[in-house]
Amino acid sequence: MFRLKEVVVTLDEFEAMRLVDMDGLYQDKAADKMRVSRQTLGRIVESARRKVAKALVAGMAIKLEGGNIEMENGEMRSFLCSACKNGWGIPYGTGRPEKCPKCGSLDFRRHPNERGFGRGFRGGRGSGSGKCRRLAIAGGKS
Ligand SMILES: [Zn+2]
């Protein structure tokens with residue numbers, strides 16, 4: 001396999017784009033989550049979009065600063081209900097659910113089998129663990 005050229009996307013850019021473009025948040029809300037100003041958020045998203053567009057058009061791989069990413073859908077936080085044993089997942093960035101979607105119980109916790117990546121990811125610069133992150137954009141196996 002030949003080695004793809006890469007564009008480097010920072011964690012901030014990745015997170016901003018995910019919040020705005022994937023989760024469909026308004027920019028001021030996304031800015032809130034990332035604890036940056038709306039202007040900053042807008043700049044970050046724009047930069048991210050440009051990079052991703054470039055990658056798509058030029059057939060380049062997208063590299064997340066702090067670690068390589070494989071394109072795969074795995075961006076979920078998992079919860080487990082103690083009452084009905086229902087397990088469910090929600091995308092990162094949407095906050096903790098209020099209750100079990102199945103039985104409505106408030107007695108639930110993070111799923112013990114959840115994969116550990118993503119922890120420490122939110123909250124801005126320098127918090128990346130360097131672990132692999134997975135994007136859901138394309139199936140590109142290089
Ligand atoms: Zn339940």
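Biologist: How many helices and strands does the protein chain have, and what pattern do they follow along the sequence?

Modeller: Residues are numbered from 1 along each chain as its sequence is written. Because the model is predicted, local features need pLDDT of at least 70 and side-chain atom pairs count only at pLDDT 80 or more, while totals for chains, interfaces and linings use all residues. Helices (H or I, at least four residues) and strands (E, at least two) are DSSP runs, numbered from the N terminus. On that basis the protein chain has three helices and seven strands, in the order β-α-α-α-β-β-β-β-β-β.

Biologist: What span should helix 3 have, and how far apart are its end C-alpha atoms?

Modeller: The expected span of a helix is 1.5 Å times one less than its number of residues. For the 21 residues of helix 3 (residues 38–58) this gives 30 Å, and the end C-alpha atoms are 30 Å apart, which agrees. Just after helix 3, G59 adopts a positive phi of about 65°.

Biologist: Which residues of helix 3 are buried, and which exposed residues lie on the face turned away from them?

Modeller: A residue is buried if 20 or more other C-beta atoms, placed from the backbone, lie within 10 Å of its own, exposed if 12 or fewer, and partly exposed in between. In helix 3 the buried residues are L41, I44, V45, A48, K51, V52 and A55. Seen down the helix axis, they fall within an arc of 130° (taken from the directions from the axis to the C-beta atoms), so they line one face of helix 3. The face turned away carries the exposed residues Q39, R50, A53, V57 and A58.

Biologist: At what angle do the axes of helix 2 and helix 3 cross?

Modeller: Axes are lines fitted to C-alpha atoms, for helices over the stretch in contact, with angles from 0 to 180 degrees between N-to-C directions. These two axes come within 8 Å and cross at roughly 100°; helix 2 and helix 3 are therefore roughly perpendicular, a term covering 65 to 115 degrees.

Technical notes
Angles under 35 degrees count as roughly parallel, over 145 as roughly antiparallel, 65 to 115 as roughly perpendicular and the rest as oblique.
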